[in-house]
Amino acid sequence: MGSVALVTGAGRGIGRAIALRLARDGLAVGIVDLDGATAEAVAAEVRAAGGRSAAAAADVADREAVGRAVAAIEGALGPLDVLVNNAGWERLHFFAESDPALWDRLIAVNLKGVLNTTHAVLQGMAARGAGRIVSIASDAGRVGSSGESVYSACKAGVIGFSKALAREVARHAVTVNVVCPGPTDTRLLTDVMAGDRGAKILEGMRRGIPLRRLGRPEDVAGAVAYLASDEAAYVTGQVLSVSIPAARIPLPEPRAGVLGESMPRCPRTFAGLVAVAWHLAREFPCPPLFEGATPTLRRLLNLWLLTWESYRIEPVPRSLPARLCIESTSACNLSCPHCFTGAGEVGRPTATLSSEFYRRLLAELGDRLWQIEFHNWGEPLLNKHLFTMVAEATARGLSTSLCTNFSLPFDRARAEELVRSGLKIMGVSIDGARQETYQQYRVGGRFDRVLANCRLVVEAKRKLGARTPRVIWGFHMFGHNVDDVEAARRAAHDVGLEFHVSRGRVVGPDWDADERWIPHEHVVPIPCTTLFHTAVVYADGSVAPCRGSFYPQDDLGRVAADGHSGAATFREAWTGERFRVARRLFRERSGTPEERERICFDCPHLLDWHDYLAYHASGRQPSDWRPKFDSNERYNYFWKRSRRAASGEPTGAAAATPAAAGLAPRAVSAGR
């Protein structure tokens, strides 16, 4: 075995275990991580144990940064004999709903990162006539993994690259191999699953694997140590899986539940507990959905409980939501024709979120929340206290996001205040690449002002050395702007923004019924997650069933706020009668005449859920099921609620169609 190793992504988890193992085997170890502080902490551990170590901060996607890190490690420890490509990054996604900006980042870290570090050390190894290169891929790269399509492609690329490179450099006595970890346990997982119930869940997960336990970081480290050793001198171009073939862990299948009949409660089976735990274990310590949040024991326990309660469809949950969608203000500076606010729909009196009400909610929910969205149907930047609110959420370890049209006065000072607030994600709605196209939907907006404001934020991030917020150019595609997509993508790249295209929804007939330009959003047949997972709260204290709801008659609760009457606590509203009835509908779609008039009873999501149950109960393959409602028809359902309130027309499923809603003449694009 060589005397000096470099491990990327070694600040924690598997990378840390590899670094410590190699150090115990007598190697000097260079610790490279995106987070310089964690890299230095691991290097300190090695030195405290009597070893030699040096640390460097680098993003493996940045070739120049990698070169500097390699030079620093070699300057401190000597020429490299062993390289372990461990750094990686993932965000769960369905490919059809992803965008090239996400692909680019996944490829840059997981594939190009391996190329960058390998290229930086390879010539030196070849010149010295010895070297060991071990890359950490994944079983996802061997067999694929749902929700990880691009990540799987990257890891498959690492495997193919390593096999080919092994042939190229064998004559220089440089070996190149791959280790593919399977599900791996962590200390955090053990902490979260403490207590009698947690012990049972962990035991169930272990029972699903013939070896009766999950993998450990040290298991992966052992495999790497072997491939880096003299014993593996004649092993090259190989792929070693550190995993055990797991027995299938089944989710209880839905039974019966046709329209009007009862959907039996999923039995409180051990398999159900295991399935929920297995799902959450894949996302520890922080679910990708809540980017930048700080995991805590209370948050993780609440997330487990709400996942279990939504799985069980419990009408009265003991958990609190993981996400708060709160409207900063119901006012807007633009007149987007098919946004409720922009079109002049009258829902409730205009209100701006007060600091007092916000802090009450934060005090009650903050320890269990993971994320706060500061937008709904208004323009959030019109709230002058917004950045202070974001900063207070950041101080509690919460992920924060907002969506803005950004067509309003802004300056460098405000840009720096925004960046300092700790905001994690800022979506900017820009539906065109030029004023003529942009203004067709963003009525009253100025394209040049929006781009100038985006540049101010990018410059402020650069000046302050901040990685956040991620600024995403959100492009809603409609018939009038399809030709602008590529120009907008290039403009986003030039400004330094991520780019995301989504399907524009229209009030009336679908503009792209045959899905020639862009597919409808994927529909997952599950009970409504918003009723368990996300609280939608208006500035006046109203609690809505979901983001699509706009009119006060459709609210499911109210919290006392700024002189408005309501429940003393959020939990009281969250577990109130109207929320209980809404959740119960996913077990049994029945109710009193008054309950049948409520927004959830004819919601397309509910109807599709019961249709899916009936389809499955008939003995057909669930994978063959197709939804009755596409995303445009779902949007029209919420718009027709205003007509129902005004004219008393029926609320049945037929009313969700454009013709029944009387909206066909207004076929103009919609999007926030």
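Predicted model: local features only at pLDDT ≥ 70, side-chain atom pairs only at ≥ 80, totals over all residues.
Residues are numbered from 1 along each chain as its sequence is written, and side-chain values use heavy atoms, with hydrogens and water left out.

S335 has 40% relative accessibility and therefore counts as partly exposed (buried is under 20% relative accessible area, exposed over 50%, partly exposed in between, with a 1.4 Å probe and protein chains only). Setting aside neighbours within four places in sequence, I found S335 in contact with G342, Y441 and V443 (heavy atoms within 4.5 Å). I also checked R442, 107 residues from S335 along the chain, and the two C-alpha atoms are separated by 6.8 Å.

Next I turned to α1 (residues 13–24) and α2 (residues 36–48), whose axes come within 10 Å and cross at roughly 25° (lines fitted to C-alpha atoms over the stretch in contact, with angles from 0 to 180 degrees between N-to-C directions). That makes α1 roughly parallel to α2 (angles under 35 degrees; over 145 is roughly antiparallel, 65 to 115 roughly perpendicular and the rest oblique). I recorded that R16, A19, L20 and A23 of α1 meet V42, E45 and V46 of α2.

Last, I noted that the axes of α4 (residues 100–110) and α5 (residues 112–128) come within 3 Å and cross at roughly 30°.

How values were computed:
Helix = DSSP H or I, 4+ residues; strand = E, 2+ residues; numbered from the N terminus.
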